[in-house]
Amino acid sequence: VRRLLLLAVLFQARPVQEEELHRLKEQLGTEDAAVRQRAERRLLEIGEPARPILEDLVRNGDVEVSERARQILAGLDREASRGQFLGRPWTVTLEDREVALGDLPSLLKDQIPAPLKIPETVAASRIRIGARSMEAWRFLDQVCGLQGNLTIPLAQPPDALVLKEGSPAGSPVSYSGQYRFSIDRITLESRHPYDTPRTSASMLLGVLWQPNVHPLNNFWMGRHFGFTVSELEGDDGVSLLNPEKEERDAMMLEVSRACGRRGRVVFRCPAPQVRKLQLVRGRLRLVLPAKKEMIEFKGPSLVEGRKAQAGPYTIELRTWKPGPKGVQATLGFWISPRDSENAVRQSRVELGARFQNETIIATARSGKQSSFSVYSSSHRSAGGDLETEEDTGTFDVEGEVESLRIPFVSDVFDVDVPFEFRDVELP
Amino acid sequence: MLVPLTVLSLALLGFQEPKERSEPGDPLRPSWKPVTLHVKAASSKVVLEDIFRQAEVRLTVDEEWEPKTVTLDLDAVPFWKAVDDLCRADGGLRFSGSPYEDEKKLVAQPWAELPLSYAGPLRFSVRDLSRVLEMNYPGRKDRTDVEIHLEWLPAFHSVLNEWPKPGVVELRTVRGADGRSLLPEMKVDRDFSRQPNGMSLRDRSAAWILHVQSAGSGSKSIPEISGVWRGIVLSDLEAVTFENPGDASGATRTVGPFRMVLDRCAAKEGRSASIEVIVKISPAEGAASPPAVPAHYRLLQSIEADGESKLPYFNVLKGDSGAPDGRIQFWLDKVPRELRLEFARTAAVVEIPFSFKDVRLPGAIR
């Protein structure tokens with residue numbers, strides 16, 4: 001079901017007809033399990049337009065049908081929540097014509113609903129371009145190629161798509177829904193430290209995502225955020241993957257980037273006669289918030305020791321001490337052991353990764369706000385299914401603090417995005 | 001006794017020959033003792049012990065080493081040259097030079113001929129030479145990476161003035177097999193596999209990775225790599241002691257042409273577990289100003305609290321203008337009864353040349 005939900009987000013759903021909805025409603029009650037499951041999947045795929053029929057079934061269907069409808073509605077609710085963090089892929093349809101680059105942002109504002117920033121210096125530059133349901137990233141690459149002195153920088157802001165002046169990189173690219181993958185660099189090296197000859201090869205893989213995608217993306221993500229290359233072949237058909245599994249995974253770099261990351265994949269140096277990588281195939285693993293909750297402690301100086309619940313997590317404000325320049329707070333986070341199965345599932349992603357950029361906000365009567373960094377350490381009990389963590393930080397807030405608000409990701413979901421490159425020239 | 005600040009921007013030449021290194025005014029001279037040996041068919045273990053004794057330096061030696069008999073003739077050579085010559089003669093021992101070991105170590109491995117160059121307490125080597133073919137879209141960055149290591153003796157006090165490395169290495173000549181120069185150096189992006197400009201172990205060794213033009217796939221070696229290491233050499237050390245520093249804020253000591261003031265030795269607000277120590281160092285009244293080697297580079301990174309080396313590194317605090325203002329900060333676990341600092345009254349900026357011949361290239365990639 002999860003993969004199907006993702007497919008529904010990645011690709012536009014088929015148009016929905018009234019008669020199809022009624023047919024599916026009937027099929028939910030059939031005794032043929034295969035037909036029933038197909039109907040369930042299709043209703044999830046249809047999404048919001050199916051909601052009225054499902055709600056009607058919950059109220060008026062027999063017990064079994066009502067329960068099935070209730071589960072599909074729960075899936076839709078979950079999907080609606082996830083939609084805040086994983087937006088749909090943007091596509092561009094534009095009749096073939098000559099356009100000034102400066103006009104593109106207004107022409108595309110309904111299709112790319114985020115600011116599209118094009119340098120003023122090339123705004124008057126004209127290109128001839130057309131597109132039909134083309135991925136936004138592919139369209140922008142074509143704009144750069146046609147203009148000749150524009151490029152898509154890897155450092156993108158969190159809320160816009162930016163082009164900048166410069167030679168188009170011409171690097172191999174691969175598009176997948178909201179994502180643009182590129183091979184930014186390929187390095188072949190021959191060394192002999194202490195008379196020990198060795199050769200190695202590596203590539204820098206880059207990914208950019210649309211600003212409507214909000215993966216957990218910080219230092220604590222570890223192996224939950226990264227590229228895995230599953231196939232890598234030279235044009236002689238020989239696999240160049242290192243036999244050790246860990247070396248197929250990229251070392252992820254540049255954690256501070258807003259809408260993109262890079263990773264370095266090491267592979268075996270190809271034979272001298274190999275001129276191209278005929279296939280590079282893999283996937284990007286992402287974890288996205290499914291639910292973000294705002295935990296609030298009002299009058300924090302009065303509530304030391306108070307606890308709040310966010311999903312399976314218990315959050316305790318342990319200390320709150322005013323200092324000469326600000327306030328020092330100690331917060332404790334742990335998973336409630338009463339839901340151990342859920343706790344194991346939830347604890348796959350470190351607690352530190354669950355804080356968003358606006359980690360902690362303290363509101364003062366003066367109206368000033370401040371944020372601070374979180375320092376995490378996590379521990380597992382001997383049983384392995386209980387995680388505790390203590391995070392501390394120092395506020396720098398003027399005035400008396402009225403409330404402490406902590407945006408916290410209490411539920412997450414995974415996304416696997418495939419990528420593929422063919423016929424990549426070797427240096 | 002006050003010793004005036006003397007040797008500034010001093011270019012020290014001719015360091016290949018040890019006899020020339022003993023000249024008065026040689027800032028490196030106090031940090032090494034020469035080794036003289038004339039032995040025939042002697043146990044290499046005995047010879048090694050003699051080298052350690054003469055140089056007053058000891059390296060850890062691999063227990064698995066099986067010493068051979070060696071014949072050596074060395075006249076007043078630096079410690080590193082004596083050790084390398086012994087290892088070469090023995091054939092089964094070599095200096096590890098691994099940046100991942102905690103101590104300087106001789107390992108029981110077959111001798112591997114490295115390009116080497118010596119200067120008093122310093123040992124330069126080309127530990128690695130890499131042929132790199134790189135597609136860095138939209139262009140190519142084919143090149144040769146030269147990894148130059150610098151080791152030094154414990155008596156040489158490194159100054160990490162190009163943090164975290166001591167000084168800089170500058171290539172002056174890199175001549176390819178066809179006679180063409182492989183300079184100027186190339187600028188490359190981070191390569192993410194090694195520190196792009198080398199690494200530093202701060203108190204033991206440092207390495208610089210320099211990127212020069214591609215040597216060409218047909219070349220077997222680079223006939224000449226030479227350049228200089230430009231760094232700071234400290235001498236005329238003086239110990240400065242503050243007793244009961246927790247109650248001695250404002251205590252002042254004069255060291256050479258400088259004045260040292262204990263500004264603070266107390267817990268910092270909000271960090272009760274750590275004791276913050278701030279020492280202010282400034283030129284004494286009437287001293288030449290500004291000094292060529294700033295005051296904060298003259299404090300050795302070996303601070304002792306109650307006789308124990310507590311923290312080898314410290315921060316240099318910046319003043320309002322953003323420039324270092326001579327205030328040095330470090331942290332201790334507790335307020336000591338005695339705080340001992342070492343300060344160099346004399347400091348020189350030196351240029352030490354190095355040169356390597358016929359540096360062998362690894363096999364071509366394609």
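Helix H2(B), which covers residues 79-90 of chain B, has twelve residues that should span 16 Å at 1.5 Å a residue, and because its end C-alpha atoms are 16 Å apart, the two values agree. Here the expected span is 1.5 Å times one less than the number of residues, and helices (H or I, at least four residues) and strands (E, at least two) are DSSP runs numbered from the N terminus. The model is a predicted one, in which local features need pLDDT of at least 70, side-chain atom pairs count only at pLDDT 80 or more, and totals for chains, interfaces and linings use all residues. Residues are numbered from 1 along each chain as its sequence is written, chains are lettered from A and ligands numbered from 1 in the order in which they are written, and side-chain values use heavy atoms, with hydrogens and water left out.

|---|---|---|---|
| H1(B) | 44-55 | 16 Å | Glu56(B), positive, near 55° |
| H2(B) | 79-90 | 16 Å | Gly91(B), positive, near 85° |

H2(B) is mostly covered, since nine of its twelve residues are buried (under 20% relative accessible area with a 1.4 Å probe, protein chains only), and among them are Phe79(B), Trp80(B) and Leu86(B). In H1(B) the buried residues include Val47(B), Leu48(B), Ile51(B) and Phe52(B), and the cover over the buried residues of H1(B) includes strand S2 (35-43), strand S4 (69-77) and H2 of chain B.

Chain A holds eight helices and 21 strands, and 51% of its 427 residues count as buried.

Notes:
Buried < 20%, exposed > 50% of the residue type's maximum accessible area, 1.4 Å probe, protein only. Contact = heavy atoms within 4.5 Å.
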